[in-house]
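Here are my notes on the model you sent. Please read them with the structure open.

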Amino acid sequence: MHKAVDVSVDAMLADLRTLVEIESPSRDVDALRASAKAVAAVIENRLGGRAVLVESEAGPHVRWSGGGDPKVLLLGHHDTVFPLGTLERRPFRVEDGHATGPGVFDMLGGLVQAVHGLAALDDRSGAEILVTADEEVGSRSSRALIEERALACGAVLVFEGAADGGALKTGRKGCGTFQVVIKGRASHAGLEPAAGVNALVEAAHQVLDIAALARPGTGTTVTPTVASAGTLDNVVPAEATVVVDVRVESADEKERIESAFAALAPHLDEAQVAVTGGIGRPPMPESASAGLFALAQRLLPGIEATAVGGGSDGNFTAALGVPTLDGLGAVGGGAHADHEYLVVDTMAERAHLVTGLVKALQEA
């Protein structure tokens, strides 16, 4: 494997601290603008050239190119799930071999490793970096740009955090959210309950119908997660809402689930059922990563791979048929949780892997 002797863990930790200490919650455009500027500054400082801010309604995305014919897209995001103020409660720290703080694992650590791994190459032509501002909330403003650059480059390396034990992510489920709104009719629960149409009772029927759509044997999970109904304890509920998380492994299952939601019908006379949402991220089949994972195995013998249930922007690129390898980011855990951490001793090895992968794709 190409040894990137210029990779410095201390320098990576310094850049990681810079990014973590500028909080970047999704949908906070002002915070994301500050974060994007910091990401751009880190890229320019380590790689030279110019990192361009691409404005969007979700906040700025960051693009950088090493010039020449595009051959590989290094893909990540700078938004995090943590609200402003999290840093004060959970500041950036490095102790006992772990870096902690909001976003270290998902996915600021991966961004830093990608930049430093690329910086170890004298020739960076053919490499592009895209760091988006809205991955955690569905990538609606960035999807078209992600797909455009993935098709132009022909290979995508995604710097989401690694799976358990540092494994790369070679498959992901398609995922999405549905909202089911039930309309009934209010009435007095004591004086004339029969005059109403109980939206909560209808919602109970719908939840059972929806949960029955799951097919665990084929990897399809359908999980009602949030529900609300009613206004007062003596009023027949006129409206109820059910939110459902869905994960699928195949395009056929995506079509089956979306068709089933569209066909939901009320059980109670005069109740109405309306469905919005869908499976916004298509499945990432393991076939999309086979060639790139074989290359990673040659560069880092013993590295493992796994398919996971969560989605990423790699789902979009893989669905286009572009070779995509995910989970190249930080080794650690606790994504979206207060115990989020990054294992410091793995940072150099992961940066070296970036160097080797990009170099091989440049020469392909």
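Which residues are exposed on the other side of H8? Gly-291 and Arg-298 are. Keep in mind throughout that this is a predicted model.

1. **Helix H8, buried side.** H8 runs over residues 290-299. Its buried residues are Leu-292, Phe-293, Leu-295, Ala-296 and Leu-299. They lie on the same side of H8, because they cover an arc of only 155 degrees around the axis. An α-helix has 3.6 residues a turn, so residues three or four places apart point the same way.

2. **Helix H5.** This helix spans residues 143-153. Leu-145, Ile-146, Glu-147, Arg-149, Ala-150 and Cys-153 are buried in H5. Note that Glu-147 and Arg-149 are on that list. The cover over the buried residues of H5 includes strands E1 (52-54), E2 (61-65), E3 (72-77), E6 (127-132) and E7, plus helix H9 (314-319). After H5 comes Gly-154, with a positive phi near 90 degrees.

3. **The largest pocket.** Its volume is about 950 Å³. The lining has 34 residues. Nearest the centre are Glu-135, Glu-136, Cys-175, Arg-247 and Arg-281. Helix H4 (104-119) and strands E8, E9 (174-183), E11 (239-248) and E12 (272-281) each give two or more residues to this lining. By class, the lining of the largest pocket has 8 nonpolar, 14 polar and 12 charged residues.

4. **Gly-280.** This glycine lies in strand E12. E12 is one of the elements that give two or more residues to the lining of the largest pocket. Is Gly-280 buried or partly exposed? Gly-280 counts as partly exposed because its relative accessible area is 39%. Leaving aside neighbours within four places in sequence, Gly-280 is in contact with Arg-143, Cys-175, Gly-176 and Phe-316. Cys-175 also figures among the residues nearest the centre of the largest pocket. Gly-280 and Arg-140 are 140 residues apart in sequence, with their C-alpha atoms 9.1 Å apart in space.

5. **Lys-183.** Strand E9 holds this lysine. Lys-183 is partly exposed, because its relative accessibility is 38%. Which side chain does Lys-183 join through a polar contact of 2.7 Å? That partner is Glu-239. Beyond four places in sequence, Lys-183 is in contact with Ala-238, Glu-239, Glu-270, Ala-271 and Gln-272. Asp-96 is another matter: 87 residues separate it from Lys-183 along the chain, and 55 Å separate their C-alpha atoms.

6. **Arg-90.** Look at the loop between helix H3 (86-89) and strand E4 (93-95), where Arg-90 is placed. Why does Arg-90 count as buried? Its relative accessibility is 9%, and buried means under 20%, so Arg-90 qualifies. The side chain of Arg-90 reaches the backbone oxygen of Asp-338 at 3.5 Å. Leaving aside neighbours within four places in sequence, the contacts of Arg-90 are Phe-82, Gly-101, Pro-102, Ala-337, Asp-338 and Glu-340.

7. **The largest cavity.** How many cavities of 30 Å³ or more does a search of the whole structure find? The search finds 2. The largest cavity has a volume of about 90 Å³. Of its 14 lining residues, Leu-111, Ala-114, Val-115, Ile-129 and Val-131 are the closest to its centre. Helices H2 (29-47) and H4 and strands E3 and E6 each give two or more residues to the lining. That lining divides into 13 nonpolar residues, 1 polar and no charged.

8. **The second largest cavity.** This one has a volume of about 40 Å³. Leu-19, Val-20, Ile-22, Glu-23, Ser-24, Thr-80, Phe-82, Pro-102 and Leu-108 line it. By class, the lining of the second largest cavity has 6 nonpolar, 2 polar and 1 charged residues.

Key
Residues numbered from 1 in each chain as written. Predicted model: local features only at pLDDT ≥ 70, side-chain atom pairs only at ≥ 80, totals over all residues. Heavy atoms only, no water. Buried < 20%, exposed > 50% of the residue type's maximum accessible area, 1.4 Å probe, protein only. Helix = DSSP H or I, 4+ residues; strand = E, 2+ residues; numbered from the N terminus. Arc of directions from axis to C-beta. Polar contact = N/O pair within 3.5 Å; in protein donor to acceptor, adjacent residues only side chain to side chain. Contact = heavy atoms within 4.5 Å. 1 Å grid on protein atoms, 1.4 Å probe; cavity = no way out; pocket = protein on both sides within 12 Å on 5 of 7 lines; lining within 4 Å. Points joined across faces, edges and corners; volume = space filled by probe spheres on them. Nonpolar A, V, L, I, M, F, W, Y, C, P; charged D, E, K, R; others polar.
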